[in-house]
Amino acid sequence: MSKEILTFIRNRVSQPALTEPAPQENEWQEILEAASRAADHGNLKPWRYRIYEGEGRTKLGQVYWQHALSEVDTLPESKMDSFIKKAYRAPAVLLIYAHIQDHPKVPAIEQVMATSAAAQQVLLGLNALGYGGMWRSGPACFTQKTKDLLGLESNDQIVGLIYVGTAKEQPKSFPDSLLADRLEWVRD
């Protein structure tokens, strides 16, 4: 493996401030094909992708709003636009979720882990093509209400939403990962 690939991986950072352009359809195909090579016990390919672009983001924003209403019934209607605007923080939003299958050797958690690995590979693929991404989740991603609003099945598990576009500015520096604080060698 070349050091350039390790440097590339090491230098990837989340990009919270994103603008146009987002990947074109052919670039999405490339990114998602590469992401679909994630580690996958049983070759189940549990990952599923849904891309929200253009006015399609309003549908996602409506999900944010409806979920908020289900959590706080006193929200005034005037707050709706602020929830819808959350889906417009980037020119595209990728919903990535695991479609959990009953399998005698591959438990649900491994299928979610495989989908999470695919999500990380999406971030690397975006970076390779010059785009930025920000993986977001939160409590709403893990509720039945959100799954219902998105039209997902009961055996689907949302892994996150990746906001995608072109970084408004490049990061100034890459912080040290502090690996020494997180690594233990066991040799004896």
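Me: Contact means heavy atoms within 4.5 Å, so which residues is Trp135 in contact with, leaving aside neighbours within four places in sequence?
Reply: Trp135 is in contact with Ser116, Ala119, Gln120, Leu123, Val159, Gly160, Leu161 and Ile162. This is a predicted model, where local features need pLDDT of at least 70, side-chain atom pairs count only at pLDDT 80 or more, and totals for chains, interfaces and linings use all residues. Residues are numbered from 1 along each chain as its sequence is written, and side-chain values use heavy atoms, leaving out hydrogens and water.

Me: Where does Trp135 lie?
Reply: In strand 4, residues 132–136. Strands (E, at least two residues) and helices (H or I, at least four) are DSSP runs numbered from the N terminus.

Me: And how many helices and strands are there in the protein?
Reply: There are 6 helices and 5 strands, following the pattern α-β-α-β-α-α-β-α-β-α-β along the sequence.

Me: What is the relative accessible area of Trp135?
Reply: It is 30%, so Trp135 counts as partly exposed, between buried (under 20%) and exposed (over 50%), with a 1.4 Å probe and protein chains only. Across the protein, buried residues make up 37% of the 188 residues.

Me: New topic: where does UniProt place "binding site"?
Reply: The unreviewed entry puts that feature at Arg12, Val13, Ser14, Arg37, His41, Trp135, Arg136 and Ser137. The eight do not all gather at one spot, because they span 126 residues in sequence and the farthest two C-alpha atoms are 27.5 Å apart. Such annotations may be inferred rather than shown by experiment.

Me: What does the C-alpha trace span along its principal axes?
Reply: About 60 × 45 × 35 Å.

Key: Contact = heavy atoms within 4.5 Å.
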